[in-house]
Amino acid sequence: MTSLVYIAFQDNDNARYIVDAIVQDNPHAEIQHQPAMIRVQAEGRLEINRTTVEEKLGREWDVQEMLIDVITLGGNVEEDEDRFALHWN
């Protein structure tokens, strides 16, 4: 059985673009809209790709910017300048 990885964002304009990008790159992801929060979860792995977020935002985007809107996350993190990934070892 694969465990769920997840990331939760404040529900604001910026985070909505990031969530749209996550859904595009991770069609297996489940989105839960809760009061003031958007939770994204998936079995196994989630990837947030800089280029996809930049397409959604219409501007350059640094992966570190995302952390302003993050409430919590679950999983091991792999991060570089082009992507942020969550998975369980």
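**View 1. Ala36 in the loop between S2 and S3.** Ala36 lies in the loop between S2 and S3, where helices (H or I, at least four residues) and strands (E, at least two) are DSSP runs that are numbered from the N terminus. This is a predicted model, in which local features need pLDDT of at least 70 and side-chain atom pairs count only at pLDDT 80 or more, while totals for chains, interfaces and linings use all residues. Residues are numbered from 1 along each chain as its sequence is written, and side-chain values use heavy atoms, with hydrogens and water left out. Although Ala36 is not a glycine, its phi is positive, at about 65°. Most residues other than glycine have a negative phi. With a relative accessible area of 61%, Ala36 counts as exposed, a word that stands for over 50% relative accessible area, whereas buried stands for under 20% and partly exposed for values in between (1.4 Å probe, protein chains only).

**View 2. Val40 in strand S3.** Val40 is found in strand S3, which covers residues 37-43, and Val40 counts as buried because its relative accessibility is 0%. Contact here means heavy atoms within 4.5 Å, and, when neighbours within four places in sequence are left aside, Val40 is in contact with residues including Val5, Tyr6, Ile7, Phe9, Val19 and Ile22. Ala29, Glu30, Ile31 and Leu46 are also among the contacts of Val40. Val5 and Val40 are 35 residues apart in sequence, and their C-alpha atoms are 8.4 Å apart in space.

**View 3. Asn26 in the loop between H1 and S2.** Asn26 has its place in the loop between helix H1 (13-25) and strand S2 (30-34). Asn26 is buried, because its relative accessible area is 4%. Once its neighbours within four places in sequence are left aside, Asn26 is in contact with Arg45, Leu46 and Glu47.

**View 4. Helix H2 and its cover.** In helix H2, which covers residues 50-57, the buried residues are Thr52, Val53, Glu54 and Leu57. H1 and strand S4 (45-49) are included in what covers these buried residues of H2. Gly58 follows H2 and has a positive phi, near 75°.

**View 5. The hairpin of S6 and S7.** Strand S6 (residues 76-79) pairs with strand S7 (residues 83-87) in the antiparallel sense, over four bridges, where two strands are said to pair if DSSP finds at least two bridges between them. Together S6 and S7 form a hairpin, with three residues between them. Within this pairing, Val77 stands opposite Leu86 in S7.

**View 6. The protein chain around these close-ups.** The protein chain has two helices and seven strands, and from the N terminus on its elements run β-α-β-β-β-α-β-β-β. The radius of gyration of the protein chain is 12 Å, close to the 12 Å that the globule rule gives for 89 residues, so the chain is as compact as a globular protein of that length. This radius is taken over C-alpha atoms, and the globule rule is 2.2 Å times the number of residues to the power 0.38. Along the principal axes, the C-alpha atoms of the protein chain fill a box of roughly 40 × 30 × 20 Å. Of the 89 residues in the protein chain, 38% are buried. Among contacts between residues at least 6 apart in sequence, 62% join residues at least 24 apart.
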